[in-house]
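I opened my notebook to look up a few things in this structure. Here are my entries, in the order I wrote them.

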Amino acid sequence: MIEPWCVILASREDPRRSVAQPAVGRRDPLTATLRRAATVTSLERIAAVIAAPDDPWRHSPLKELATGNLLVQPRHQGTAYEVLLALLMLERRISPTTPVFFLPADHVVDDEEVMTNALTSMIEWIAEEPRPVYLLGALPQGPHDELGYIVPWHDAILMPTGVYEFVERPDIRRARRLINAGGLWNTFIFGGSFASLLKLFPPRLDATLEDLRAALRSDHVELDLGRLYDRLTSVDFSQDLLARQTDQLRVLRLLRCGWWPLKSPSLNRSLHSV
């Protein structure tokens with residue numbers, strides 16, 4: 001099996017953000033994410049997307065990565081561009097069938113062994129059936145209006161299943177209905193072959209894709225990316241791409257491992273089991 005690549009998304013949330021969850025205070029989420037990636041692939045095959053030029057990567061855990069595996073965005077313009085930039089950064093270095101998985105640095109995990117097993121399983125499924133994009137879905141601990149919900153067609157535990165519905169950031173009332181229908185929290189941990197991931201970007205983004213390619217190959221990457229980002233309209237990977245292409249998705253249930261997002265519900269309501 002081809003060794004996978006991992007992309008750490010280090011710009012979605014401030015990993016140092018404090019929330020009312022005891023696990024967060026015990027370890028740095030970015031350091032934990034880097035270690036998590038290193039359990040399933042080699043350090044040379046770990047890349048990261050950053051959107052913090054004022055916080056140099058040399059002073060973060062990402063200093064362990066090769067400079068060529070780091071990409072600094074001029075600013076945050078939606079998660080779709082984070083994913084696309086990472087794919088284009090790897091485009092000339094990997095084959096279309098290479099497994100690529102994405103790990104955000106905006107959550108914590110208590111049981112790393114369970115998470116490692118889930119990532120290993122996802123990579124194995126990518127190698128066996130490379131056409132879909134695979135998502136890890138966590139059992140909800142209650143309604144949360146800042147997360148996405150994945151409703152699978154079937155209640156499979158160890159097998160990937162098709163996605164019936166994908167809803168990004170529903171209100172609390174709808175979140176409860178989705179949970180009652182078997183919905184899982186979208187952890188934003190996902191993967192697929194390079195080709196299947198790039199295929200998620202619709203033709204309407206073709207011109208932008210070519211502009212990004214040109215900027216990344218320029219002798220003045222930082223300047224050209226900055227100019228391009230000034231013209232971009234924000235695109236959300238989950239809401240604008242995944243939710244509209246459920247036929248391309250498969251979901252794997254993440255067994256209980258203490259997965260928890262750093263973001264709290266926007267309405268500041270307590271989470272209650274349903």
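**Entry 1: a term I need.** I count a residue as buried if its relative accessible area is under 20%, and as exposed if that area is over 50%; partly exposed lies in between.

**Entry 2: confidence.** I am reading a predicted model, so I checked pLDDT, the predictor's confidence in each residue, from 0 to 100. The protein chain averages 88, and 89% of the residues score at least 70. Among the elements, helix α5 (residues 194-199) has the highest mean pLDDT, 98, while strand β3 (residues 70-72) has the lowest, 89. I marked two stretches to read with care. Over residues 13-25 pLDDT stays under 50, and the model has 21 contacts there beyond four places in sequence. Residues 268-274 also stay under 50, with 16 such contacts.

**Entry 3: aromatic pairs.** How many aromatic pairs does the structure hold? I found 9. I looked up Y81 and Y229, a tilted pair with 6.3 Å centre to centre and 55° between the planes. This pair links distant parts of the chain: Y81 sits in helix α2 (residues 79-90) and Y229 in helix α7 (residues 221-231), 148 residues apart. Are these two buried or exposed? Both Y81 and Y229 are buried.

Next I turned to W153 and Y164, which form an edge-to-face pair, 4.9 Å centre to centre with 80° between the planes. W153 lies in the loop between β7 (148-152) and β8 (161-168), and Y164 in strand β8, 11 residues apart. W153 counts as exposed because its relative accessibility is 54%. Y164 has 48%, so it counts as partly exposed.

I also noted a cluster: ring pairs link F102, F188, F190, F201 and F237.

Entry 4: Rolling a probe the size of a water molecule over the atoms shows where empty space is left. My count came to 2 cavities of 30 Å³ or more.

The largest cavity holds about 40 Å³ of space. Which element gives the most to its lining? Strand β10 (residues 249-254) does, with 3 residues. By class I wrote down 5 nonpolar, 2 polar and 2 charged residues.

The second largest cavity has about 30 Å³ of space. R131, V133, S196, K199, L200, Q245 and Q248 line it. That lining divides into 2 nonpolar, 3 polar and 2 charged residues.

How values were computed. Residues are numbered from 1 along each chain as its sequence is written. This is a predicted model: local features need pLDDT of at least 70, side-chain atom pairs count only at pLDDT 80 or more; totals for chains, interfaces and linings use all residues. Side-chain values use heavy atoms; hydrogens and water are left out. Helices (H or I, at least four residues) and strands (E, at least two) are DSSP runs, numbered from the N terminus. Contact means heavy atoms within 4.5 Å. Rings of Phe, Tyr and Trp (its six-membered ring) pair if their centres lie within 6.5 Å; planes under 30 degrees apart count as stacked, over 60 as edge-to-face and the rest as tilted. Buried means under 20% relative accessible area, exposed over 50%, partly exposed in between (1.4 Å probe, protein chains only). On a 1 Å grid over the protein atoms alone, a cavity is a set of points where a 1.4 Å probe fits but cannot get out, and a pocket is an open set with protein on both sides within 12 Å along at least five of seven lines; lining residues have an atom within 4 Å of a point. Grid points are joined across faces, edges and corners, and a volume is the space filled by probe spheres set on the points. Ala, Val, Leu, Ile, Met, Phe, Trp, Tyr, Cys and Pro count as nonpolar, Asp, Glu, Lys and Arg as charged, and the others, Gly among them, as polar.
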